[in-house]
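Have the viewer open while you read.

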Amino acid sequence: MADPREDVTLAEAQAAAARIIEAGVLTSGGLGLNEFVEARIKVVTVTVLA
């Protein structure tokens, strides 16, 4: 998820993951996802070189 809210909770991430899994829209190796394992927030710093 690009640009998540700073105050997003684990419960919100789990609920979103459950909806994604239920919809069956993501696959890995031809198999559908079937469980939530963890939620991560990745912080990336971008520096423009001038």
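Arg 40 is exposed, with a relative accessible area of 70%; here exposed means over 50%, buried means under 20%, and partly exposed is in between, using a 1.4 Å probe and protein chains only. Its salt-bridge partner is Glu 38, and the closest N and O atoms of that pair sit 2.5 Å apart. Glu 38 itself is partly exposed, at 46% relative accessible area. A salt bridge, by the rule used here, is a side-chain nitrogen of Lys or Arg within 4 Å of a carboxyl oxygen of Asp or Glu.

Before going on, a word on the ground rules. This is a predicted model, where local features need pLDDT of at least 70 and side-chain atom pairs count only at pLDDT 80 or more, while totals for chains, interfaces and linings use all residues. Residues are numbered from 1 along each chain as its sequence is written, and side-chain values use heavy atoms, with hydrogens and water left out.

How many salt bridges does the structure hold? There are three, and they look like this:

| Pair | N to O distance |
|---|---|
| Glu 38 and Arg 40 | 2.5 Å |
| Arg 5 and Asp 7 | 2.8 Å |
| Glu 12 and Arg 5 | 2.8 Å |

Shared partners tie Arg 5, Asp 7 and Glu 12 into one network.

Now for the fold. The protein has one helix and two strands, in the order α-β-β along the sequence. The radius of gyration is 14 Å, well over the 10 Å that the globule rule gives for 50 residues, so the protein is more spread out than a compact globule. That radius is taken over C-alpha atoms, and the rule is 2.2 Å times the number of residues to the power 0.38. Along the principal axes, the C-alpha atoms fill a box of roughly 45 × 25 × 15 Å.

As for burial, 4% of the 50 residues count as buried. The protein exposes about 4900 Å², with carbon and sulfur atoms supplying 56% of it.

Technical notes: Helix = DSSP H or I, 4+ residues; strand = E, 2+ residues; numbered from the N terminus. Areas by Shrake-Rupley, 256 points an atom, 1.4 Å probe, with all protein chains shown as cover.
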